[in-house]
Amino acid sequence: MAPRVIFLLFSLVFLYLANTSHSLEKFQSFLHPIYKDKSTNIYSIPLSIGSSTSSEEFVLDLNGAAPLLQNCATAAKSTTYHPIKCGSTRCNYANPNFPCPNNVITKKRTVCRSSDNARLFRDTVPLLYTFNGVYTMDSEKSSSLTLTCSDGAPTLKQITVGLANTHLSIPSQLISMYQLPQKMALCLPSTEGSKTYSGDLWIGKGEYYYLPYLKDVSKIFASTPLIGNDKSSDYLIDVKSIQIGGKTVPILYGATKISTLAPYTVLQTSIYKALLTAFAGNAKIAKAPAVKPFDACFHSNGGRGGPVIDLMLRGGAKWRIYGSNSLVKVNKNVACLGFVDGGVKPKNPIVIGGFQMEDNLVEFDLKASKFSFSSSLLLHNTSCSVARLSPF
């Protein structure tokens, strides 16, 4: 038997024995796969809603308000579909400010709507889960959740996975239902180095294992405060400065947003230009013609070397972005700096996009108002796309 296979088997046994103290009567967290579409660079999770026997891909939205957006006519075909009426407990909880007008013709109560005017209904959502942070169970746990739909076809079938300032999101409902810690974590997959290209959505308690790395990844977390206000569902952090090769890139004051809908990190124009100049000045690789949407490209000869980019955060934490998360391979021999120009007056001067988070585990702890992140898991001989087998 090959040495790597023996080591992997030993790792599985070791971690299983190390986690036998977890009660099998109560699971630790939901642990559901995330996929990346190679053509659109959009992250999604597969779900089968209600009585449907086939799963659909729902775009992962970290900052949205609706828990799950789909077409109402399609949703109503489920045999377990239940519309939520105005004045009901679920309606009052989901949208306490909804006035509940009567139907003009029938004089009956109308269907409850969310704050963005989508219809509310109830149906079952099955998700994969884990007892110990190592294995994913091969069966799903179904939960009856409040969902949303639109009368027309939605532009994107989205699922909101944020916890901030919305109790309608899928994680918020599950945390309340199963009394889980107010935590959620993402490990976004890349489209390289994996056969399945799947990452992880964690909801609940974190002990995060990514074999063959034997430690709980939360042990190597760095953390910074989450900032914001009660009116926003955005996840915001404070980037104090950007450093490349020991030199500081000037940035504008303003909260930095974390987004799963932005494929690449978006920078206000002056920050973007300064970053390009600093990166090109420290890169020991030859320049190549630009490839849209990028403006700085290099002859990579099949690799992705380049200077490290450090985001210096409030509280002294440093988010280090290595070549695998800064340079995008556009063909075999050319890689481009994976940042894009966001214009002169964007809402947020910096929006950290999905590419910079790939193969990094990031955790949102709402109770502690804290954002935590690992270094690149590639540095620990693993990635977000590990195989998880259930021993049960």
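## A buried glutamate

Buried, in this report, means under 20% relative accessible area. Keep that cut-off in mind while you look at the structure above, which is a predicted model. Take E358: its relative accessibility is 4%, so E358 counts as buried.

Where does E358 sit? You'll find E358 in the loop between α7 (354-357) and β26 (361-365). Once you skip its neighbours within four places in sequence, E358 is in contact with K36, Y43, L188, P189, S190 and N325. With Y43 there is also a polar contact, side chain to side chain, at 2.6 Å.

## The nonpolar cores

Now for the greasy part. The largest nonpolar core has 71 residues, and W319 and F364 touch the most other members. Helix α5 (residues 269-282) gives the most to this core, contributing 6 residues. Apart from it lies another core, this one of 13 residues, including L31, C187, V217 and L361.

What does W319 touch? Leaving out its neighbours within four places in sequence, W319 is in contact with I309, D310, L311, L313, I352, Q356, M357, N360, V362, F371 and F373.

## A four-stranded sheet

Next, pick out an open sheet of 4 strands, in the order β15-β14-β20-β21, with antiparallel pairing. Which strands are at the edges? They are β15 (247-249) and β21 (318-321), and each of these pairs on one side only. On average, neighbouring strands of this sheet are turned by 30° against each other, if you ignore direction.

Zoom in on β14 (residues 239-244) and β20 (residues 309-313): these strands run antiparallel, and 5 bridges join them. In one of these pairings, I242 has L311 in β20 as its bridge partner. Helix α5 turns up again here, packing on the sheet and touching β14, β15 and β20. The direction of α5 makes about 30° with that of β14.

## The disulfides

A quick reminder: a disulfide is a covalent bond between the sulfur atoms of two cysteines. How many disulfides does this model have? The count comes to 4. If you number the bonded cysteines of the protein in sequence order, the pairing reads 1-4, 2-3, 5-8, 6-7.

Let's walk through some of them. C72 and C149 form a disulfide with their sulfur atoms 2.0 Å apart, and the link is right-handed, with 95° about the S-S bond. C72 lies in helix α2 (residues 72-75) and C149 in strand β8 (residues 141-150), so this pair ties together parts that are 77 residues apart in sequence. Are these two cysteines buried or exposed? Both C72 and C149 are buried.

## Two further links

The sulfur atoms of C187 and C384 are 2.1 Å apart, and these cysteines form a disulfide too. The torsion about their S-S bond is about -75°, so this disulfide is left-handed. Because C187 lies in strand β10 (residues 183-187) and C384 in the segment after β27 (370-373), the pair ties together parts that are 197 residues apart in sequence. C187 is buried, with a relative accessible area of 0%, and C384 counts as buried at 1% relative accessibility.

C297 is joined to C336 by a disulfide, S to S 2.0 Å. The link of C297 and C336 is right-handed, with 100° about the S-S bond. C297 lies in strand β19 (residues 297-299) and C336 in strand β23 (residues 334-337), so parts that are 39 residues apart in sequence are tied together. C297 and C336 are both buried.

Technical notes. Residues numbered from 1 in each chain as written. Predicted model: local features only at pLDDT ≥ 70, side-chain atom pairs only at ≥ 80, totals over all residues. Heavy atoms only, no water. Core = buried A, V, L, I, M, F, W, Y, C linked by side-chain atoms within 4.5 Å. Buried < 20%, exposed > 50% of the residue type's maximum accessible area, 1.4 Å probe, protein only. Helix = DSSP H or I, 4+ residues; strand = E, 2+ residues; numbered from the N terminus. Contact = heavy atoms within 4.5 Å. Pairing = 2+ DSSP bridges. Axes fitted to C-alpha atoms, helices over the stretch in contact; angles between N-to-C directions. Polar contact = N/O pair within 3.5 Å; in protein donor to acceptor, adjacent residues only side chain to side chain. Disulfide = S-S within 2.5 Å.
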